[in-house]
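Let's walk through this model together, one question at a time. Have the coordinates open as you read.

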Amino acid sequence: GPLPERVAGLVQCVKRYETLTVQAAVEKSRTKAVQALLNQPLIHGYHHAVAVVRELETQFPEFITLRD
């Protein structure tokens, strides 16, 4: 059945985050990675999302190679 209204918005945000994360990985897209993080409730804005992506690229270059 439908989710209770009090949690539906959060679940939708997290699902969007997950979907964009997979797209970012498949496409190796920095833009999509940032968009994904902007849908993650624990990320506080664009600059924070960009900083997280940069840190991930720095710390895990063998796993994360993004193009755009």
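Q: Which residue forms a salt bridge with Glu18?

A: A quick note before the answer: this is a predicted model, where local features need pLDDT of at least 70, side-chain atom pairs count only at pLDDT 80 or more, and totals for chains, interfaces and linings use all residues. Residues are numbered from 1 along each chain as its sequence is written, and side-chain values use heavy atoms, with hydrogens and water left out. A salt bridge here is a side-chain nitrogen of Lys or Arg within 4 Å of a carboxyl oxygen of Asp or Glu. With closest N and O atoms 4.0 Å apart, the partner of Glu18 is Lys15.

Q: In which helix do Glu18 and Lys15 both lie?

A: Helices are DSSP runs (H or I, at least four residues), numbered from the N terminus. The two residues are three apart, about one turn of the helix, and both lie in helix H1.

Q: Is Glu18 buried or exposed, or partly exposed?

A: Buried means under 20% relative accessible area, exposed over 50%, and partly exposed in between (1.4 Å probe, protein chains only). Glu18 has a relative accessible area of 38%, so the class is partly exposed.

Q: Which helices does the salt bridge between Arg30 and Glu57 tie together?

A: The side chains of Arg30 and Glu57 meet at 2.6 Å, N to O. Arg30 counts as partly exposed at 27% relative accessibility, while Glu57 is buried at 18%. The pair ties together parts that are 27 residues apart in sequence, because Arg30 lies in helix H2 and Glu57 in helix H3.

Q: How many salt bridges does the count come to?

A: Another pair is Lys32 with Glu27, whose closest N and O atoms are 3.1 Å apart. Glu27 counts as partly exposed, at 39% relative accessibility. By the rule given above, the count comes to three.

Q: With which residues is Leu37 in contact, leaving aside neighbours within four places in sequence?

A: Contact means heavy atoms within 4.5 Å. Leu37 is one of the residues of the largest nonpolar core. Beyond those neighbours, the partners of Leu37 are Tyr17, Ile43, Ala49, Val52 and Val53.

How values were computed. Core = buried A, V, L, I, M, F, W, Y, C linked by side-chain atoms within 4.5 Å.
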